[in-house]
Amino acid sequence: MSRLSVRGVTVSLILLSWIRVTGTCRTKKTWPKTFTQEELKKRLSPMQFHVTQERGTESAFRGEFADHKEEGIYVCVVCGAPLFRSETKFDSGSGWPSFYDLMKQESVAATDDFSHGIHRVEVTCSQCGSHLGHLFDDGPKPTGKRYCINSASLGFQAKDASSAPSHPTSAERGGAGAGAGRGAVTGGVAGGGAGAGAVIEGVAGGKTEL
Ligand SMILES: [Zn+2]
């Protein structure tokens, strides 16, 4: 077993060529929007960085948007490019945000992914090259497609909150306990001072939380 002699050379040759093939499989493309790794490490959470820059996958049912049902637009968390509308989000039961269509066909780039010994179609942001998730052909009508996307790759812009920040992840964290989830608390009539991030008027229920 430990004496590989001539066969050992063959094995290492195969190994070398395999490394070469997989190594050149993903040639570095030049994307319209580029960011330094240092900047992204500062700006993104460790999970957001891992998923978008290292092609990682978040745990099923754990992502911020897995069960998210607000109306609005999902954007690339790295470059802000609009990707999906909430109208096309559906419950696939997979535990990851799933969409049956894109906002624009050119929003994402699809490439073959042979990792883990299976063939899948990887979906990346066409503007910055961030890994988003995978595309499957078992989605609902009318497209029959299922874009299985990591929450960590996405930001969200609520439809009725025109002044909402472009990266709502931090804002949402701030008001997580309330469950109200409405970014735009208009007129300052928020009952219990729930701590929603967008209470700017300061006269809502006596609490001025920003
Ligand atoms: Zn992007």
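I shall describe a sheet and then a metal site.

This is a predicted model, in which local features need pLDDT of at least 70, side-chain atom pairs count only at pLDDT 80 or more, and totals for chains, interfaces and linings use all residues. Residues are numbered from 1 along each chain as its sequence is written, and side-chain values use heavy atoms, with hydrogens and water left out.

Let us begin with the sheet. Three strands form an open, antiparallel sheet in the order E2-E1-E9. Strands here are DSSP runs (E, at least two residues), numbered from the N terminus, and two strands pair if DSSP finds at least two bridges between them. Strand E2 (82-85) and strand E9 (154-158) are the edge strands, each pairing on one side only. Strand E1 (residues 72-76) is joined to E2 by three bridges. Isoleucine 73, for instance, has arginine 85 in E2 as its bridge partner.

We turn now to the metal. Which residues coordinate the zinc ion? They are Cys76, Cys79, Cys125 and Cys128, each through SG, at 2.3 to 2.4 Å. Donors are N, O and S atoms within 2.8 Å of the metal (3.2 Å for Na, K and Ca). In sequence, the donor residues follow the spacing C-x2-C-x45-C-x2-C.

Why is the arrangement tetrahedral? The four donor atoms subtend angles of 103 to 114° around the zinc ion, and four donors count as tetrahedral if all angles lie between 85 and 135 degrees.

Finally, cysteine 76 is buried, at 0% relative accessible area, and cysteine 79 is buried at 15%. Buried means under 20% relative accessible area (1.4 Å probe, protein chains only).

Key: Helix = DSSP H or I, 4+ residues; strand = E, 2+ residues; numbered from the N terminus. Tetrahedral: all angles 85-135°; square planar, octahedral: opposite > 155°, others 65-115°. Buried < 20%, exposed > 50% of the residue type's maximum accessible area, 1.4 Å probe, protein only.
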